[in-house]
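Here is a short briefing on one protein model. Look over the sequence and the structure first, then read the points below.

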Amino acid sequence: MVSAAPTKFILPDLVSDCPYPLHINRHRKQVTTETKRWLFKGDNMEGKIRVKYHGLKCGTLSAMVYPKAAYPQLRVCNDFLTYLFHLDNLSDDMDNRGTMTTADVVMNSLYHPGQYQSPRIGKMTRDYWKRLISTASPRTQQRFMETLDFFFQSVTEQAHDRQESAIPDLESYIALRRDTSGCKTSFVLIEYSNNLDIPDEVMEHPLIRSLNEAANDLVTWSNDIFSYNVEQSKGDTHNMIPVIMNHHSLDLQPAVDFVGQLCKQSIDRFMNDRTQLPSWGPEIDRQVQIYIDGLEDWMVGSLHWSFESERYFGKGGRHVKKNRVINLLPKHA
């Protein structure tokens, strides 16, 4: 007997699984106003994008994930995250050639800021980059550019998969998703927003890399759970849930529960790794602790923001946060 297609599923209680306290930056309202002015400068955004921007509540996300940043740094972080969501929305509608063109514009604007004549997206890139480099250490600047380059390479690969309607295998998906999430660049902004200058050899230590991965996986996989309903309605398969359904031959709810367990394991891995850290001397240890606190802020902040934003649950986010029941949207023709 063929079982009926599911009409709903229940979210795992990830907010309760995450033990870290939520902090909110006091400059939230001010950066929200200023970023909005920056994004809509000139008449470069059509009405539909403006509506999406207001529902996104990116200022709330930035305030939750960079709670200790001073105003100028929080403003750059919020401009960047807003711009990253804008790029994500653009890339959803592009083939891999369109994504590559956007990548060229953005990366050329970073590597050759004085020489490269560019369209609007390049001008925005140069503008926040100029503000970022005024206080970011050379190491932080380098990490920012490298991780953003990885982001574009992976998004191009994702666009190719989308064109082919391909569901990647689990291992490939995990590696690719760590880059398409934009978390790597967003985590570099923890260094920038707290005025840190951590040596490369410390950032490349296996335990620091593992902490970064665990935080990235929680943010990314929880996002896959929260965004699944909207994405399945569009037929988008770049999501952990269809990958798990395909890989383990599971129905929807067991696949959601499985991804929820993976999220919980990421939190456990993060907590365990943090207790194992070696010492690099008082000053580096101080900076490393601030950086890892920043990863915790990202983990807990992204979970809470997902229910504040209208991106995944429309205006019903707080209700969903309480009862965790998702009614499946009909698939678009």
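Helix α12 and helix α15 (residues 282–308) pack with their axes 10 Å apart, at an angle of about 5 degrees. Angles under 35 degrees count as roughly parallel, so α12 runs roughly parallel to α15. Keep in mind that this is a predicted model.

**The α12 and α15 contact**

- From α12, the contact takes I208, L211, N212, A215, L218, V219, S222 and F226.
- From α15, the contact takes V288, Y291, I292, L295, W298, M299, S302, L303, S306 and F307.
- By class, 14 residues of this α12 and α15 contact are nonpolar and four are polar. No charged residue takes part.

**The α9 and α12 contact**

- Helix α9 (residues 170–180) meets helix α12 (residues 206–234) with the axes coming within 10 Å. The crossing angle is roughly 95 degrees.
- Angles of 65 to 115 degrees count as roughly perpendicular, and α9 and α12 are therefore roughly perpendicular to each other.
- On the α9 side, the contact is made by Y173, I174, R177 and R178.
- On the α12 side, E213, N216, D217, T220, W221, N223 and D224 take part.
- The contact of α9 with α12 has five charged residues, three polar and three nonpolar.

**The second largest pocket**

- This pocket holds about 650 Å³ of space.
- Its lining counts 21 residues. Nearest the centre of the pocket lie T147, K184, M203, R209 and N212.
- Which helices each supply at least two residues of the lining? They are α8 (138–164), α9, α10 (183–193), α11 (200–203) and α12.
- α8 gives the largest share of the lining, six residues.

**The whole protein**

- The protein has 16 helices and two strands.
- Its C-alpha atoms fill a box of roughly 65 × 50 × 35 Å along the principal axes.
- The radius of gyration is 20 Å. A compact globule of 333 residues would have a value near 20 Å, so the two agree.

Notes: Residues are numbered from 1 along each chain as its sequence is written. This is a predicted model: local features need pLDDT of at least 70, side-chain atom pairs count only at pLDDT 80 or more; totals for chains, interfaces and linings use all residues. Side-chain values use heavy atoms; hydrogens and water are left out. Axes are lines fitted to C-alpha atoms, for helices over the stretch in contact, and angles run from 0 to 180 degrees between N-to-C directions. Helices (H or I, at least four residues) and strands (E, at least two) are DSSP runs, numbered from the N terminus. Angles under 35 degrees count as roughly parallel, over 145 as roughly antiparallel, 65 to 115 as roughly perpendicular and the rest as oblique. Contact means heavy atoms within 4.5 Å. Ala, Val, Leu, Ile, Met, Phe, Trp, Tyr, Cys and Pro count as nonpolar, Asp, Glu, Lys and Arg as charged, and the others, Gly among them, as polar. On a 1 Å grid over the protein atoms alone, a cavity is a set of points where a 1.4 Å probe fits but cannot get out, and a pocket is an open set with protein on both sides within 12 Å along at least five of seven lines; lining residues have an atom within 4 Å of a point. Grid points are joined across faces, edges and corners, and a volume is the space filled by probe spheres set on the points. The radius of gyration is taken over C-alpha atoms; the globule rule is 2.2 Å times the number of residues to the power 0.38.
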